[in-house]
Amino acid sequence: MTTACPECDNGLTVGSGTRLSEILECGDCRSELEVVSVEPLILAIAPEAEEDWGE
Amino acid sequence: MMRAAVVGGSGYIGGELLRLLLGHPNVELAAAVSRRLGGRRVDGVHPNLRKVTDLTFCGEDELDSYDVLFLATAHGSTMSLLPRLAGTATVIVDLAGDFRLTDAGDYERHYGTAHAAPELLGEFVTGMPEMARERLRTADRISVPGCMATAAILALRPLAAASLIDPDVVIDARTGSSGSGAAAGEHNLHAERSGAMRVFAPAGHRHEAEIAQACGVRPTMTATGVEAVRGVQVLCRATLRDGADERTVRRAYRTHYADEPFVRVVAQRRGAYRLPEPKILTGSNFCDVGFAVREENRQILAVAALDNLVKGGAGNAVQALNIRMGWPETLGLGFPGLHPV
């Protein structure tokens, strides 16, 4: 299955065994993407804890 | 094998050229010129070349005939050297600032002195493959851009070419100490330099002229020396034009650099190296470019990083030579950098 990264539009190929809630990584912007629907395939940005180096 | 000579071989850029040429499969390094160190071994001043070469430095008057001559001399000296040395080689690659600008008036404004050979300015092709690849294929005179200019040009050209930004750009450049050259004076003693973040060009830098010439923008540049030996990082701030957003910016970078062997788009959401970082580029010919967009005020930060002595100088020169000779563009430039370092 192919789709696009919801963050940067990079094309993604996803294996047929993909499961709900699986976390994938975009090869371009390196966003962590969560599979929120398998049929149809929908990816969303996975929640992420931000680093904070400047405090 | 092509015979090459390097004038100014004892400096940092010259040393980097020697390192790259000695490892190049199609080049025989036939001569290295140093006014100061004639007769001395090359590996005396460049100890990384021990057991790599037994070459000794020679004087300029000992040069004979070469296929390519690299000039890694101080700014302001190549324009007087060139008429004397022009007959020694078919191809001349200049790494100083003397032939980077096409206009003699611009040169005088930014370098503070009149150009000694303005009639030769038009002969040089910019030694940056990403903007002059086709012209380099037949160029016999090549002028390699400055290190900070190279980084800024590679960061800004995709945006400027796609008309995504307004022309006013503010550039904050940071550079390692090797950018000051091997003859830097007392202000570069370790006791003075170590730990310092020295804003040495607070109100403009001469690389502005090269960036303006290459990108058609109006740059305002500052430069700061930081705690590193190698490396340049530029932060370029500009305003996005109507209709431009993060996706169009990413698309512009992706398209512009899709086929470039030494430019990588690095604008990632995660990790310690999410934007271009010069530390991991040490010794490599890569330039990493990236960006961040703040859509609420339409500001874009374009970032680029490179090794000032490699992609910012000697590596760019060798890449240009590869193109000129019809060789694979990456020949002799395969080192990917180190991590951790």
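Two strands pair if DSSP finds at least two bridges between them. Strands (E, at least two residues) and helices (H or I, at least four) are DSSP runs, numbered from the N terminus. This is a predicted model, in which local features need pLDDT of at least 70, side-chain atom pairs count only at pLDDT 80 or more, and totals for chains, interfaces and linings use all residues. Residues are numbered from 1 along each chain as its sequence is written, and chains are lettered from A and ligands numbered from 1 in the order in which they are written.

**Sheet in chain A**

- β3(A) and β4(A) (residues 32-37) pair in the antiparallel sense over three bridges.
- L33(A) in β4(A) is the bridge partner of L24(A).
- Three strands of chain A form an open sheet in the order β3-β4-β5, with antiparallel pairing.
- β3 (23-25) and β5 (42-45) of chain A are at the edges with a single partner strand each, so one side of each has no neighbour in the sheet.

**Helix pair in chain B**

- The axes (lines fitted to C-alpha atoms over the stretch in contact, with angles from 0 to 180 degrees between N-to-C directions) of α5 (residues 129-136) and α10 (residues 310-325) of chain B come within 9 Å and cross at roughly 30 degrees.
- That makes α5(B) roughly parallel to α10(B), a term for angles under 35 degrees.
- P129(B), R133(B) and L136(B) in α5(B) meet Q319(B), A320(B), I323(B) and R324(B) in α10(B); contact requires C-beta atoms, placed from the backbone, within 7 Å.

Conventions. Angles under 35 degrees count as roughly parallel, over 145 as roughly antiparallel, 65 to 115 as roughly perpendicular and the rest as oblique. Two residues are in contact if their C-beta atoms, placed from the backbone, lie within 7 Å.
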